[in-house]
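Here is a short briefing on side-chain contacts, surface and record annotations. Keep the sequence and the 3D view open while you read.

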Amino acid sequence: MKLGIISVAHMHAYSYANAIGKLAGVQLVGVADEDEARGKEAAEKWGVPFYHDYRELLAADVDAVIITSENAKHHEHTVAAAKAGKHILCEKPLATTLAAAQEMIEICREQGVILQTAFPVRFHPAVVRAKQLVEQGKVGRIMAIRGTNRGQNPGGWFVDPAKSGGGAVIDHTVHVVDLMRWFMGVEVREVYAEVDSKFSPTPIDDCGILTMEFENGVFATLDCSWSRNKTFPVWGDVTMEIIGTEGTISLDAFSQKLDVYSNDKGLKWVNWGDDMDSQLVSDFVASVREKKAPSVTGEDGMRAVEVALAAYQSAESKQPVVIR
Amino acid sequence: MHHVLVIGAGTMGTVHAKSYAAMKNVELVGIVDLRGERGRELAAETNTQWFASYDEAMEKLERVDIIDVCLPTYLHKTYVQKAADAGKHVICEKPLARSKEEAQSIVDYCHEKNVKLFVGHVLRFFPEYEKSRQLVNDGTIGNVGVARTFRGGIFPTAWNDWYADYKNSGGLVLDMIIHDFDFLRWCFGDVERVYAKSLLGRGFARIDYALVTLRFKSGMIAHVEGSWAHEGFSMKMELAGSEGIIQYDSAKEKPLIAVNRAKQAGMGGVAVPESPLRENPYFRELKHFIDCIENDLQPRVTVEDAVKAVEIARAALESIETGKPVTLV
Ligand SMILES: NC(=O)c1ccc[n+]([C@@H]2O[C@H](COP(=O)([O-])OP(=O)(O)OC[C@H]3O[C@@H](n4cnc5c(N)ncnc54)[C@H](O)[C@@H]3O)[C@@H](O)[C@H]2O)c1
């Protein structure tokens with residue numbers, strides 16, 4: 001199977017390319033990027049042709065593409081790839097507006113190509129295990145969930161709303177909202193959020209606390225802040241505290257780590273857990289190969305974006321926003 | 001010598017009585033509790049007398065200077081007023097009352113009767129919290145943008161199961177995470193807006209869990225988590241600032257752990273963690289209050305602070321009930 005990468009704007013492009021390199025029978029055949037310097041550098045690193053125009057990559061002999069462009073370009077790139085008959089693994093957030101997400105999903109359906117949203121955390125073994133425990137009824141009925149997905153301010157185009165669609169809220173809401181939806185199989189009904197700009201030099205939303213109510217009556221909060229500073233031992237976290245009628249589950253996905261104290265960097269946590277990005281890519285490849293529905297759909301991506309957008313709306317109006 | 005009478009020999013009465021018993025400038029003159037057995041037991045332990053009622057104690061005791069109210073929250077008003085009527089200074093456990101109005105009326109009453117009132121927001125005397133505030137004030141982590149706290153454990157058991165009667169105890173939000181509301185206000189000033197969710201009114205018995213978002217007037221955002229749904233008590237705090245982060249987790253800071261080796265196969269040994277201090281936070285708090293009485297000082301926790309803490313908790317409860325954010329005036 002031949003895979004291409006459209007844009008290396010998002011740093012995950014590098015770990016996905018890495019993952020492709022490890023998979024048998026899968027080949028990375030090209031990289032497209034409108035930014036010639038970064039695109040060429042990546043293409044050279046991986047030893048594949050570089051295309052300045054992604055349309056040339058789509059015209060080449062490629063079965064599927066990974067889209068890791070700036071958030072606001074996911075739509076253009078997905079629509080073009082779908083029309084060229086390529087299967088798509090698209091970086092999160094799926095899109096920056098609901099209309100764009102909807103259109104991406106529809107076009108992929110019409111063209112009969114797979115659209116998978118890149119939610120790698122679903123492939124983390126501790127997350128998979130937590131879901132299993134929930135399904136086995138280990139904590140009884142879920143009553144509430146407390147989540148965090150914090151990180152460092154990634155800078156660059158992430159803090160340019162025209163390209164990113166927003167800051168921390170759109171960047172860091174989607175992963176854990178996706179997990180909550182996935183664990184419970186229900187949608188978010190209502191969102192309230194306090195959002196602000198507190199840590200960055202650029203005026204972009206970089207902190208937020210969302211409160212959600214799900215269709216099944218479960219309430220949850222999520223801290224999506226870019227509140228990890230330079231010297232924090234790790235770039236960020238994914239945590240969930242699940243409160244059930246029979247018990248609780250505490251999930252801290254990146255806690256499989258070594259405490260490393262170097263004179264150079266002070267204390268840093270070096271992760272020794274399984275690589276979720278390669279699991280994500282191999283799952284996508286398997287779906288393409290077996291022509292089956294993707295395990296994480298475009299719809300999943302859209303539902304998560306919907307919550308992030310509602311959070312912005314709530315922060316603006318200072319009122320809860322009813323989604324459905 | 002300050003002559004102190006403690007009312008209530010439950011969880012807090014025990015902690016307070018033991019603290020007073022260890023103070024050189026205090027004489028613990030008595031302990032009042034309805035429950036004779038418990039009252040006698042604690043009185044014996046702290047080398048004082050037990051009385052079956054407040055009135056009996058006041059009748060029989062020659063001298064009382066300070067009355068310390070460690071009764072269930074719904075009884076605070078009645079007993080603080082009795083003490084004020086008798087012209088005694090009062091130390092009262094938190095929360096001062098169940099509503100802002102009730103709290104304010106207690107404050108006004110003490111003011112009218114010209115007695116001092118101190119409220120046990122003890123978190124301000126926990127060295128880890130005190131030190132965190134100091135670091136923030138020193139600018140160590142820059143401007144704090146997001147604060148997160150956790151406080152919780154199992155559903156409390158007490159005399160007459162009074163905590164389970166939310167009208168009387170205020171439940172998790174008024175009884176428990178009011179500590180964090182007060183601490184955050186101490187560090188970051190007044191709260192502007194409150195939004196909260198909890199299990200209240202969702203049909204679960206003897207279990208509670210609350211997630212509260214506070215927006216401060218300064219713009220800071222705080223996430224306050226409270227639980228009566230976890231096993232084993234713990235408290236956590238994280239202050240994330242523009243220049244750094246402070247984290248504390250009581251479950252991780254254990255300077256001393258004593259473990260009993262399991263005697264039978266299949267039976268786990270019991271681990272008893274401790275964090276010993278020369279003076280525990282309750283002792284430090286009460287010592288400070290006594291000092292304020294002795295030297296006519298402004299206490300670290302003012303009565304206004306105690307009223308404001310109740311106000312925040314009430315706003316959270318209102319938000320839980322209505323599903324809407326509550327703006328404080
Ligand atoms: N600061 C803290 O960390 C902390 C911790 C726990 C409780 N508290 C507060 O302390 C107060 C007491 O709580 P507790 O857990 O100790 O309760 P508790 O039920 O353990 O103790 C209350 C005691 O009061 C006695 N009592 C009840 N009515 C009486 C009356 N009319 N006269 C004499 N005795 C009477 C009961 O027999 C019981 O021994 C509450 O306001 C609570 O919110 C504070």
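**Briefing: contacts, surface and annotated spans**

K113(B) is partly exposed, with a relative accessible area of 36%. Its side chain meets that of D85(B) in a salt bridge, 3.4 Å from N to O. The model is predicted. Over all chains it holds 54 salt bridges and 21 aromatic pairs.

**Salt bridges in chain B**

- K113(B) and D85(B) form a salt bridge at 3.4 Å, N to O. K113(B) lies in the loop between α5 (100–112) and β6 (117–120) of chain B, and D85(B) in helix α4 (residues 76–85) of chain B, so the pair ties together parts 28 residues apart in sequence.
- D85(B) counts as partly exposed, at 46% relative accessibility.
- Chain B also has a salt-bridge network with shared partners: R124(B), D182(B), R185(B), D190(B), D305(B) and K308(B) are joined in it.

**Salt bridges in chain A**

- R122(A) and D178(A) pair through their side chains, with 2.7 Å from N to O.
- Are the two partners buried or exposed? R122(A) is buried, with a relative accessible area of 5%. D178(A) is buried too, at 0%.
- E135(A) and K131(A) make a salt bridge at 2.6 Å, N to O. They are separated by about one helical turn, because they sit four residues apart in helix α6 of chain A.
- E135(A) counts as exposed, because its relative accessibility of 54% is over 50%. K131(A) counts as buried, because its 14% is under 20%.

**Aromatic pairs and a cluster**

- The structure has 21 aromatic pairs over all chains. In one of them, the ring centres of W235(A) and F254(A) are 5.7 Å apart and the planes stand at 45°, so the pair is tilted. An angle under 30 degrees would count as stacked, and one over 60 as edge-to-face.
- W235(A) lies in the loop between β10 (219–223) and β11 (239–244) of chain A, and F254(A) in the loop between β12 (248–252) and β13 (257–262) of chain A. The pair therefore ties together parts 19 residues apart in sequence.
- W235(A) is partly exposed, with a relative accessible area of 43%. F254(A) counts as buried, at 11% relative accessibility.
- Y129(B) and F183(B) have ring centres 4.9 Å apart and planes at 85°, so this pair is edge-to-face. Y129(B) lies in helix α6 (residues 127–137) of chain B and F183(B) in helix α9 (residues 178–188) of chain B, so the pair ties together parts 54 residues apart in sequence.
- Both Y129(B) and F183(B) are buried.
- One aromatic cluster in chain B is formed by Y74(B), F155(B), W162(B), Y163(B), Y166(B) and W228(B).

**Charges over rings**

- In chain A, the charged end of K257(A) sits over the ring of W269(A), at 4.3 Å from the ring centre.
- In chain B, K82(B) lies over the face of Y79(B), with 5.5 Å to the ring centre.

**Nonpolar surface**

- Which residues make a nonpolar surface patch of about 370 Å²? The patch consists of L258(A), V260(A), V270(A) and W272(A).
- L258(A) is placed in strand β13 of chain A. L258(A) counts as partly exposed, at 48% relative accessibility.

**Spans from the UniProt record**

- An unreviewed UniProt entry lists "domain: Gfo/Idh/MocA-like oxidoreductase N-terminal" for residues 6–118 of chain A. In the model, this span is 46% helix and 19% strand. The end C-alpha atoms of residues 6–118 are 14 Å apart.
- The annotation "domain: GFO/IDH/MocA-like oxidoreductase", from an unreviewed UniProt entry, covers residues 128–249 of chain A. Here the model gives 24% helix and 30% strand. The end C-alpha atoms of residues 128–249 lie 13 Å apart.

Notes
Residues numbered from 1 in each chain as written. Chains lettered and ligands numbered in written order. Predicted model: local features only at pLDDT ≥ 70, side-chain atom pairs only at ≥ 80, totals over all residues. Heavy atoms only, no water. Phe/Tyr/Trp six-rings, centres within 6.5 Å; stacked < 30°, edge-to-face > 60°. Helix = DSSP H or I, 4+ residues; strand = E, 2+ residues; numbered from the N terminus. Buried < 20%, exposed > 50% of the residue type's maximum accessible area, 1.4 Å probe, protein only. Lys NZ or Arg CZ within 6 Å of the ring centre and 35° of its normal. UniProt positions renumbered as here; feature names shortened; annotations may be inferred. Patch = residues over 30% accessible without salt bridge, like charges linked within 9 Å, V, L, I, M, F, W, Y side chains within 5 Å. Areas by Shrake-Rupley, 256 points an atom, 1.4 Å probe, with all protein chains shown as cover. Salt bridge = Lys/Arg side-chain N within 4 Å of Asp/Glu carboxyl O.
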